[in-house]
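Please open the model in your viewer and keep the sequence panel beside it, with the selection tool ready. The tour goes from one selection to the next and says what is found at each stop.

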Amino acid sequence: MENFNIKRFGQALKCHFLVSRKTWIRIFGIYTLVMFVANLFFTRVAGWSYSKMEELYQGKELVTEYTHLVYQTTGFCMIFFGFAMLFGASYMFAQMKDTRKRSAYLLWPVSNSEKYIISLLHSIILMAIITVVSIVAADALRVLIDAITGRVFVWGVPLYGKYISSGPEWQEMLMVVTWMFYIHSLYIVGGTLFRRFQFLSTSITIITIVILLMIFVKQTGLDYIDYHFIEYEQGEILHQLPDGSTYYSYRAIYTPRFYFALLGGWLIIAAHYWASFKLFCRMQVINNKWLNV
């Protein structure tokens with residue numbers, strides 16, 4: 001059998017989606033319900049009373065104040081999106097929990113690389129799409145409830161643009177994206193390695209290792225070393241106090257070590273995905289009770 005055939009891969013991808021569509025519909029319903037409840041909590045419980053807002057503000061001012069209330073939901077939605085992606089990564093082989101399903105998946109007449117990429121695309125791309133659509137659907141349901149109860153119309157989805165327009169420098173954004181993919185790759189490995197309670201087992205393992213590393217770094221004094229990833233250049237005067245104190249603006253300058261560190265991070269991420277694939281290739285119908293090896 002060819003290692004990878006694009007036509008066979010497309011048919012297998014479609015087949016896998018049709019077989020697992022009920023699971024994805026159930027996940028979509030759960031996510032939408034969670035996000036809808038979160039929207040109601042932030043706009044009706046945690047924030048100002050709407051009747052109080054109507055007493056203090058009218059017209060555009062009321063819309064502006066209620067927009068601030070709706071904006072609080074966006075932070076929670078972004079955090080929820082992150083956890084949803086980690087959950088999807090750790091459960092990329094959830095369809096292989098019992099012996100019958102494991103046997104059927106491993107005996108599927110496609111190559112190992114095709115099986116792995118199909119599960120990877122479902123756990124990343126499809127999970128991301130379902131989470132985003134559930135956020136939009138929950139926001140629409142919240143707007144519908146607001147309309148029924150006589151509140152002003154404020155959509156929460158366009159408010160995510162504020163994070164992009166007022167975002168950090170591209171180096172900082174690249175660093176954040178690198179960390180996100182690094183953590184995601186750890187859950188990919190955990191989802192492939194652990195056979196039961198993948199998300200919980202992976203989380204406990206990562207937390208344990210992080211605590212041990214923090215103890216080691218603290219004991220060896222490595223936390224006091226300046227690696228010179230970022231330097232700061234003095235800029236223009238912001239303001240000067242009567243006592244002679246002067247406050248300047250500072251511009252961050254990213255050294256070559258910063259970019260080499262990012263490159264090293266992406267190489268580690270690639271190694272994690274490769275390790276996950278190799279672990280998948282070692283899977284058997286009968287495996288260890290807790291591990292897929």
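**The whole chain**

Bear in mind throughout that this is a predicted model. Colour the chain by secondary structure to begin with: the protein has ten helices and two strands, and, read along the sequence, these elements follow the pattern α-α-α-α-α-α-α-α-α-β-β-α. If you then colour by accessibility, 34% of the 293 residues of the protein count as buried.

**Helices α2 and α4**

Select residues 21–44, which make up helix α2, together with residues 60–90, which make up helix α4; the two pack with their axes 9 Å apart and at an angle of about 150 degrees. Since an angle over 145 degrees counts as roughly antiparallel, α2 and α4 are therefore roughly antiparallel to each other.

With a relative accessible area of 2%, N39 is buried. A distance drawn from the C-alpha atom of N39 to that of Q72 comes to 8.9 Å, although 33 residues along the chain separate the two.

Next, show the side chains of Y31, F41, F42, F76 and F80, which together form one aromatic cluster.

Move to helix α1, residues 6–19, and select F17 within it. The relative accessible area of F17 is 35%, so this residue is partly exposed. From the C-alpha atom of F17 to that of L126 there are 9.5 Å, while along the chain the two residues are 109 apart.

Select helix α6, residues 112–148, and within it V133. This residue also has an intermediate accessibility: V133 counts as partly exposed at 40%.

**Helices α8 and α10**

Now hide the rest and keep residues 170–193, helix α8, and residues 256–281, helix α10, whose axes come within 9 Å and cross at roughly 20 degrees. Angles under 35 degrees count as roughly parallel, and α8 and α10 are therefore roughly parallel to each other. The crossing of α8 and α10 is left-handed. By class, the contact of α8 with α10 has 19 nonpolar and seven polar residues, and no charged ones.

Look next at helix α10 by itself: its 26 residues reach 38 Å from the first C-alpha to the last, close to the 38 Å expected at 1.5 Å a residue. To see which of its positions are shielded, colour the buried residues of α10, namely F258, L262, G265, I269, H272, Y273, S276, F277, L279 and F280.

**An aromatic pair between α8 and α10**

For the last stop, display the aromatic rings, among which the count comes to 15 aromatic pairs. Zoom in on F181 and W266, whose ring centres are 5.4 Å apart and whose planes stand at 45 degrees, so the pair is tilted. Because F181 lies in helix α8 and W266 in helix α10, the pair ties together parts that are 85 residues apart in sequence.

Are these two residues buried, exposed or in between? F181, at 39% relative accessibility, counts as partly exposed, and W266, with a relative accessible area of 30%, is partly exposed as well.

Note on methods. Residues numbered from 1 in each chain as written. Predicted model: local features only at pLDDT ≥ 70, side-chain atom pairs only at ≥ 80, totals over all residues. Heavy atoms only, no water. Axes fitted to C-alpha atoms, helices over the stretch in contact; angles between N-to-C directions. Helix = DSSP H or I, 4+ residues; strand = E, 2+ residues; numbered from the N terminus. Parallel < 35°, antiparallel > 145°, perpendicular 65-115°, else oblique. Left-handed = near helix turned anticlockwise from the far one by under 90°. Nonpolar A, V, L, I, M, F, W, Y, C, P; charged D, E, K, R; others polar. Expected span 1.5 Å × (residues − 1). Buried < 20%, exposed > 50% of the residue type's maximum accessible area, 1.4 Å probe, protein only. Phe/Tyr/Trp six-rings, centres within 6.5 Å; stacked < 30°, edge-to-face > 60°.
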